[in-house]
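Biologist: I'm new to this one. Can you put it up and walk me through it?

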Amino acid sequence: MIRLRTVLVGLVLLTLPASGLAAPAGQPIRIGGTLALTGPLAPTALLHKIAGEIYVEELNRGNGLLGRPVEWVLLDDQSKPDVTRSLYEKLITVDKVDLIIGPYATSGILAGMGVAQRYQKLYVHHSFGMPHLAKYEMHFPTAAFGPEPQRTIPTTVLDALAATTKPPKTIAIVTSKFPSAQYQSSGAREVAEKRGLKVVLYLEYEFGTRDWGSLAARVKDANPDVLWVGALGLDGNQLLEAMKKLDYTPPRHFHLFPAPGPLALAPDGKQALSVTVFEEHPPFTNNPGAAKLIPLFRERATKANVPYPYVETQVAGSWAAWQVLEAAVTATKSLDDKTLGQWLRKNRVDTIIGKLRFDGPNNYGDDLFKVKQVQDGRWVIVWPRESAAPGARLLPP
Amino acid sequence: MPSATLLGQSVVSGLLAGGLYGLLALGLSLSWGLLRLVNLTHFALALLGAYLTYQLGHVLHVPPWLAAAAIVPAFFALGVALHAVFAYFRVAEFASLLVTFGLAVILESMIQWFWTADYRRYETAYATASIRVGPLFVPTLELLACLTAAVLAFATWAWLRWSYVGKALRASAEDPAMAAAFGVNHRAQAFLLSGVSAAYAGIAGVYIALIATLAPSQIWAWLGVVFAVVIIGGLANPIGALLAGFLIGVSESLTMAVVTPAWAPLVSFSILIVILVVRPGRV
């Protein structure tokens with residue numbers, strides 16, 4: 001008798017999808033977007049691609065959106081803003097997608113924003129670093145910098161350093177001229193000076209610089225207590241290596257937008273600092289969405305030969321963007337961009353990176369960024385203390 | 001005011017960077033000057049050589065010198081094969097720019113397809129090794145690259161100057177009909193030269209893998225400065241390419257040390273413009 005009941009229950013479970021709801025049916029909801037699948041931004045954009053693919057698959061494994069399957073129409077913008085602009089134009093006017101979602105990185109997002117504004121499309125994006133330029137009323141960022149990252153990010157970082165037993169007295173700032181990096185790094189200079197730190201060096205280099213020897217020599221000559229590297233991708237790694245060749249390592253070094261894996265795994269990346277909205281440890285992993293995403297991302301990223309297959313700030317920001325889009329569509333039962341936008345302005349959305357609000361200046365809410373550090377080959381949050389990984393603290397203390 | 005140590009270190013960095021520029025420029029200068037083929041595939045071959053060095057070293061644990069021993073003959077053969085295509089379709093100078101650009105894009109896509117767009121770094125125990133000379137540090141790998149560039153530049157110069165093949169190549173470049181009348185088999189020598197140029201690209205690739213971080217889009221990062229080196233150094237002038245590499249490397253490096261890094265490309269291309277204005281017959 002027990003055996004029969006077990007079999008019957010099993011049969012019933014097998015015939016139902018995991019969510020207990022009917023599989024999505026009907027015409028797919030097409031969400032268009034671009035990513036830097038090629039070009040210098042591609043390594044980080046790959047993380048966004050994987051996150052997006054998993055999200056869409058999970059949506060379709062459940063009830064889709066409004067009971068309909070979701071199709072992500074993804075195009076390659078080659079890391080070029082001009083290509084991004086043309087592709088968003090194509091997605092909206094030729095492919096006639098129902099919704100759009102933003103690309104990776106500030107330049108591309110800004111280029112796409114102009115197109116979104118022209119066609120009054122809802123524009124959710126995940127990696128925009130210059131909030132003061134985001135004037136479009138229907139843009140919604142999940143890069144939770146807050147409206148003044150050029151002030152709040154350096155403040156958070158310098159607060160963390162000030163809490164150590166040997167707070168820095170001098171700072172060297174070396175930054176890429178990539179717009180968001182330059183913007184936030186110039187803010188770091190102002191914040192540092194206001195806090196009484198001496199800025200012993202301020203250098204800007206072209207995005208794509210090959211020769212790191214001279215930059216390294218200048219940093220060594222300046223000999224700062226802390227080095228701020230306004231870098232994207234592997235710039236920070238290359239600078240650290242060039243300094244090592246001169247037998248020099250700065251006492252502390254901070255990297256603004258590094259490719260997370262390579263810096264964590266590099267021999268010179270020990271105790272590197274950066275900022276993040278998510279890392280794979282409590283309290284962040286207590287979020288049910290995170291618990292679901294982490295193993296899925298690990299599997300997919302490992303298969304794609306991503307050297308650091310862990311969910312971190314880029315992946316989490318991307319996931320949050322999809323969560324915001326899904327929340328708005330589900331709540332309003334609509335695909336109308338204006339309706340979705342109005343809902344988002346008035347409501348908070350629970351995401352993997354926290355509760356996001358969009359009612360501040362330029363639709364920005366709170367600065368949710370925390371300081372993380374490479375310890376034993378992994379990124380762990382070290383500041384503020386309430387968000388730190390269990391037992392972790394900024395090293396050296 | 002920058003310190004003497006900083007200036008000295010910048011000169012060292014510049015010379016070493018210039019050596020790598022010269023190494024990259026060598027093959028391009030030879031094929032452009034002697035075969036009248038502007039071979040943009042050269043850059044893609046260099047990067048392919050870098051990725052193969054990475055793959056052999058990082059995945060199969062083959063030491064770089066052994067990887068080079070395999071890459072050089074393989075790239076020689078590849079260069080010969082490429083030239084066979086150019087010869088078959090009678091690709092002329094201007095057309096070579098377009099054809100080789102297309103081939104470079106294809107190679108870039110193949111590299112990305114196999115190795116993905118993710119950054120690759122060939123970590124070695126000696127990646128950050130350097131030799132201390134007073135207050136200055138000379139990174140070992142960059143020094144090796146520079147010395148290799150110098151040896152190859154002088155060896156190539158000697159080959160072109162004193163060997164029969166070298167003289168025949170120069171004669172064919174100057175006056176193909178007359179050279180043929182004297183029994184110079186330009187066709188055969190063109191294949192040889194293409195193979196040598198491609199082999200030089202492979203050698204440059206080995207050093208790029210050891211020194212730099214790899215990404216498929218890097219093909220284009222070197223293009224501008226190496227073109228400047230080739231033109232400033234003079235076509236088919238191996239020692240000229242080396243010296244031009246040093247000139248550009250040092251001027252970029254000093255600019256970065258004294259002024260600002262963002263001005264470095266301005267300096268190298270300004271030198272190019274001045275030289276082209278003063279000596280327009282260089283191309």
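Modeller: Let's start at Gln271(A). Gln271(A) is partly exposed, because 15 other C-beta atoms lie within 10 Å. The cut-offs: 20 or more other C-beta atoms within 10 Å is buried, 12 or fewer is exposed, and partly exposed is in between, with C-beta atoms placed from the backbone. This is a predicted model: local features need pLDDT of at least 70, side-chain atom pairs count only at pLDDT 80 or more, and totals for chains, interfaces and linings use all residues. Residues are numbered from 1 along each chain as its sequence is written, while chains are lettered from A and ligands numbered from 1 in the order in which they are written.

Biologist: Where is Gln271(A) found?

Modeller: In the loop between α9 (260-265) and β10 of chain A. Helices (H or I, at least four residues) and strands (E, at least two) are DSSP runs, numbered from the N terminus. The phi of Gln271(A) is near 60°, positive although the residue is not glycine.

Biologist: And what is phi of Asn223(A) near?

Modeller: Near 50°, again a positive value in a residue other than glycine. Asn223(A) sits in the loop between α7 (213-222) and β8 (226-233) of chain A. Asn223(A) counts as partly exposed because it has 14 C-beta neighbours inside 10 Å.

Biologist: New topic: cis bonds. Which residues does the one with omega near 5° link?

Modeller: Pro282(A) and Pro283(A). Pro283(A) lies in the loop between β10 (273-276) and α10 (288-303) of chain A. Another cis peptide bond joins Trp383(A) to Pro384(A), with omega about -5°. Pro384(A) is in the segment after β14 (378-383) of chain A.

Biologist: What pLDDT does chain A average?

Modeller: 91, and 94% of the residues score at least 70. pLDDT is the predictor's confidence in each residue, from 0 to 100. Over residues 1-20 of chain A, pLDDT stays under 50. Where pLDDT is low, predicted coordinates should not be read in detail.

Biologist: Now the partner. How many residues of chain B are in contact with chain A?

Modeller: 30 residues of chain B, against 34 of chain A. Contact means C-beta atoms, placed from the backbone, within 7 Å. On chain B's side, α1(B) gives the most, with six residues.

Biologist: Which residues have the most contacts inside the largest nonpolar core?

Modeller: Val324(A), Leu23(B) and Val229(B), in a core of 221 residues. Such a core is a set of buried Ala, Val, Leu, Ile, Met, Phe, Trp, Tyr and Cys residues joined through C-beta atoms within 7 Å.

Technical notes
Two residues are in contact if their C-beta atoms, placed from the backbone, lie within 7 Å.
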